[in-house]
Amino acid sequence: MKRKLLLILGFLFCLAFSAKATHQRAAEITYTWLGGNAYEFTLTCYTYTPSPAGLQRDSLLVQWGDGSEEFIPRVVLQNLGEDYTLNVYKQIHNFSTSGTYTISMEDANRNFGVVNVPNSVMVPMHIETELVINPFLGYNNSVQLLNAPVDKGCVGKLYLHNPSAYDPDGDSLSYKLVTCKGQDGIEIAGYTFPQASQSFDIDPLTGELRWENPVMQGEYNVAFMVEEWRHGVKIGFVVRDMQILISNCSNNLPEIQCDDQYCLVAGQQLDFIISASDPDGDNVSLSASGAPLEVAVSPALLNPPTAFGLQPQMEFLWNTNYAHIRNTPYQLVIHAKDDDAPVSLTNVKTLTINVMAPKVQNLTAEVHGHDVTLSWLTYPCSNAVALLVYRKAGCDSYEPDECETGIREGYQLLATLDNPSMVDYTDRDLPQGMEYEYRIVARFPDGAMSMVSDAACVTLKNDSPLMTHVTNDSIDLVSGQVVTCWAKPKEIDDQYVAPFSYALTRVLDGETAVVYEGADTTFLDATVDLAEHTLLIYKVEMRDAQHQLMGTSATASAVMLSVSGTNDEALLTWTEAVPWIVDSTQVFKEKDNHFVRIASVTDMAYTDTDVESDGTYRYYVRTYGHYTMDGIVRPLVNYSAIKTVRIGHEEPMEEFSYTLPNVFTPNGDGYNDIFEPKVTGADMIVSAKTVIFNRWGNILCDTDDPLIQWDGKSKQTKMDCPSGTYFYVCDITYQGEAGEEALHLQGSITIVR
């Protein structure tokens, strides 16, 4: 009897506690930047209407994340029906300095009987929002969740919810499920996501919460985080904790009719019809929310704003302009809610709208000797921040897809024109006999790219000799002798008189000399051993019978291979600065006294893991390439020297290390503006020599400074080198335990402006 009495008293206590304090169903915190470090915060709560506790909460305590807290007042109290009451609290808060702040609210208590929250009547509602104040990223407004969490669902029927998150700043958003939190912001012990017959998840891109399908009736609480990203950096988040009521019912979701995606160029009008119907014959309420309806300039319109009936429909109309261009698509969330009893169901459809920047118009290209001059019409979008000029060898003139922006792979970025009103650009010092395709893309402050321009294609006149081979002698690879070949031009001006002659110039480790003069188009340079040098470049001049200079080829380097062995692997790197296109490289390794091919790659590095510590191995590489013009032998095959490595014996001593980056950004922002090594033990360096050159073999930097300190400018022209890939050869002599030791590095460096 006493035990029964205690149980009854306990039950009555829970009922009394529930009546006074169990009311929180859903909540989130958002904010708006007011200027400086001042923000207005909005705490939105959805409470259980019959609970008297809701009326008592005319203010709630908020932790600001800076060590202070404050009760903030309620400014809205509205009965939404279906036992939901909307409570809105607002307060302005000033932060003293930049930083990352977690703003939180905790209130007792959640509803009694939440299925997936053990003893929910005793568990507080705790929500958090993150604010990042960083002047370098720009000040920020949080996302606004336009769709209220008041939907209900049926057992065995698909449940959908989309918060219709709108970011006023146009930042990228991502979504993920998180565990509901309770007292002191700790994840609720024993909490589980709702049980589903198939799946329960949230789309990380659209924010659509999909429960397929509920298996048991009851109340469930779930939470998800909406994260904001700007230039790849997370700048804050908002968490929504919400309650879903699942009932036993036979109702079916209404159906929504419209396309999933729309793409248009800024300045065009978007006009389409949204309609809905219900498979059970119920009336349907049709509405929509999302960024297109919220933008400050020329927002979209719905006609009518809402619709109701058996087959309601509304017209979406948006007159877009250049201010609407942004990197991420706009989302429009459509809601269709039937009027079935006892439970009405809401279907959600999330469609995306891409407002794309127009392409640069009337791009043309004209050849002037070794230069190509591009011109185009003034770009019309004043909010663009740069024009990006691209080039590729060959011309395929692809047509972009309907919703495609930016440039496809295979193009080299030549220049970033920070003045988007520019209408011309000259691409200089190009090799003869090549075909090139040019395109231009506009860039916007948030990283959005315009549609790509039409292609402009040119073929440089073949009126100068073309280097075709600078190769280790394939008949005797061990000797390291270099075979050089070139092709006679096919377009010779009538002013020149035969016979013609050639002069071959060699640059060997920085020393320049003419090594051949005559009428042949091939020369064996038997005075060098390719394996003993770090930089070997050739070019050829052509003269007529009257010694008039007819033209000079672009420079071409030998394939310079370097091999190092550490940690039970052999690392092969090579450089080849040539005017033709290198399609692939084959790697050869000596096995049982003969060389066998072990790999074929398209970059300039390969790691061989089939080695043993203290083993000695020999390698060479063979490259395949071609010119784009017809009439030139293809493929162009060139061999490196044979290089030997002993595994585990090429690594620098532990007290000395010297590594070079593969990317730097000489754009004047004070970060990563200089190409320089990461070095320890700098006082051990005895001497250094670094040469940096472009793909044509032109030397851009030649320095004895161990720290290099290259600013991305050409030493000849004193002008900025365009964005793209360059090559370096670096030789360091340092003082080791056994005396002076050598470190050889070579590879590629990419300039990004």
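Two strands are taken to pair if DSSP finds at least two bridges between them, and the strands themselves are DSSP runs (E, at least two residues), numbered from the N terminus. The model described here is predicted, so that local features need pLDDT of at least 70 and side-chain atom pairs count only at pLDDT 80 or more, whereas totals for chains, interfaces and linings use all residues. Residues are numbered from 1 along each chain as its sequence is written, and side-chain values use heavy atoms, with hydrogens and water left out.

Tyr619 stands opposite Lys643 in S48, and this pair belongs to the contact between S46 and strand S48 (residues 643-646), which run antiparallel and are joined by four bridges. Strand S47 (residues 636-639) is likewise joined to S46 by four bridges in the antiparallel sense, with Thr623 opposite Asn638 in S47. Strand S43 (residues 581-591) pairs with S46 over eight bridges, again antiparallel, and here Val582 stands opposite Gly625 in S46. Of the 11 residues of strand S46 (residues 616-626), eight are buried (under 20% relative accessible area, with a 1.4 Å probe and protein chains only), and the strand is therefore largely enclosed by the rest of the structure.

Three strands, in the order S26-S27-S30, form an open sheet with antiparallel pairing. Strand S26 (364-368) and strand S30 (424-427) stand at its edges, and because each has a single partner strand, one side of each is left without a neighbour in the sheet. From one strand to the next the twist averages 20 degrees, where axes are lines fitted to C-alpha atoms and angles run from 0 to 180 degrees between N-to-C directions. Strand S27 (residues 371-375) pairs with S30 over four antiparallel bridges, and Thr373 has Thr426 as its bridge partner in S30.

Another open sheet has four strands in the order S29-S28-S31-S32, and its pairing is antiparallel. Its edge strands, strand S29 (412-417) and strand S32 (456-459), each pair on one side only. Neighbouring strands of this sheet are turned against each other by 25 degrees on average, direction ignored. Eight bridges link strand S28 (residues 386-393) to strand S31 (residues 435-443) in the antiparallel sense, with Ile440 in S31 as the bridge partner of Val389.

## Glu227

Glu227 lies in strand S15 (residues 218-230) and is buried, with a relative accessible area of 8%. Leaving aside neighbours within four places in sequence, Glu227 is in contact (heavy atoms within 4.5 Å) with Ser172, Leu173, Ser174, Lys176, Lys234, Gly236 and Phe237.

## Cavity and pocket

On a 1 Å grid over the protein atoms alone, a cavity is a set of points where a 1.4 Å probe fits but cannot get out, a pocket is an open set with protein on both sides within 12 Å along at least five of seven lines, and lining residues have an atom within 4 Å of a point. A search of the whole structure finds one cavity of 30 Å³ or more. The largest cavity has a volume of about 40 Å³, a volume being the space filled by probe spheres set on the points, which are joined across faces, edges and corners. Its lining consists of Leu530, Ala531, His533, Val559, Met560, Leu561, Ala641, Lys643 and Gln746.

The second largest pocket holds about 510 Å³ of space. It is lined by 24 residues, of which Asp169, Gly170, Asp171, Arg326 and Asp446 are the closest to its centre.

Definitions and conventions:
Buried means under 20% relative accessible area, exposed over 50%, partly exposed in between (1.4 Å probe, protein chains only).
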